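Colleague: I would like to learn how to read the main features of a model like this one, step by step. Could we go through it together?

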Amino acid sequence: EDFLNLIFKAMMKDSLNSSHPVSSAVQSSEQIEEMFDALSYIKGASLLLMLKHYLTKDVFQAGIEVYLHNHKYGSARSDDLWDSMNEITNGTLDVKTLMKTWILHKGFPLVTVVRQGKNISVQQEKFLYHVETENWTSDASYLWHIPLTYITSSCNFTHCTNAYLLDQKSGM
């Protein structure tokens, strides 16, 4: 419950145009300090949970083990974790591409789901809680790779979960 409250606070900050990406290039020590705030840590943790749910616990755990093994007694770059996950997924999913859309963009998407009979359509756009005109920049080109999971009437959440990766502005 506490973590969920922290997530909602981070999302509120992240929904402002003055937000910042989880990962970005920095040139000064002041910029480094700005990057290590609650938004970076809480959003980062939330993104790892999203990835774990999408990949499944076993696949995610195997990716973490590969990452730790490959970088023991050494240093790592931000892409190294995604590369380790890609080793485990064997090309079935480009984890690096998926996660970069989340860590290099500020904010998060609003996903609209419309049901028309048996057809479902989904659409994404950047969510903004409040537009600050002095800091406003157009983010219309933002595109997230959004892992969506769903269930149907023929299965339940614990036994049968379907997955869909929304990697375009809209899909069906």
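Colleague: How much area is buried between domain 1 and domain 2, and what share of it do carbon and sulfur atoms give?

Modeller: The size of an interface is often given as the accessible area lost when the parts come together. Before the case itself, note that this is a predicted model, in which local features need pLDDT of at least 70 and side-chain atom pairs count only at pLDDT 80 or more, while totals for chains, interfaces and linings use all residues. Residues are numbered from 1 along each chain as its sequence is written, and side-chain values use heavy atoms, with hydrogens and water left out. Here the area buried between domain 1 and domain 2 is about 1600 Å², with 65% of it from carbon and sulfur atoms; buried area is the accessible area (1.4 Å probe) that two parts lose on being put together, summed over both. Asn 17, Tyr 54 and Trp 102 supply 38% of what domain 1 buries against domain 2, more than any other three residues.

Colleague: How many salt bridges and how many polar pairs lie between domain 1 and domain 2?

Modeller: Side chains of opposite charge can pair when their charged atoms come close. A salt bridge is a side-chain nitrogen of Lys or Arg within 4 Å of a carboxyl oxygen of Asp or Glu, and the count between domain 1 and domain 2 is zero. Four residue pairs across this interface are in polar contact, both residues being at pLDDT 80 or more; the term means a pair of N or O atoms within 3.5 Å, where within protein one must be able to donate a hydrogen and the other to accept it, and residues adjacent in sequence count only if both atoms are side-chain atoms.

Colleague: Which salt bridges are found elsewhere, and are their residues buried or exposed?

Modeller: The whole structure holds five salt bridges, one of which joins the side chains of Asp 14 and Lys 43 at 2.8 Å, N to O. Asp 14 lies in helix 1 (residues 2-14) and Lys 43 in helix 3 (residues 38-55), so this pair ties together parts 29 residues apart in sequence; helices are DSSP runs (H or I, at least four residues), as strands are (E, at least two), numbered from the N terminus. Both residues count as buried, Asp 14 at 3% relative accessibility and Lys 43 at 8%, where buried means under 20% relative accessible area, exposed over 50%, and partly exposed in between (1.4 Å probe, protein chains only). Another salt bridge links Asp 79 to Lys 100, with the closest N and O atoms 3.3 Å apart. Asp 79 is buried at 14%, whereas Lys 100 is partly exposed at 27%.

Colleague: What does the side chain of Gln 124 reach?

Modeller: Gln 124, which has its place in strand 2, is buried at 2% relative accessible area, and its side chain reaches the backbone oxygen of Gln 168 at 3.0 Å.
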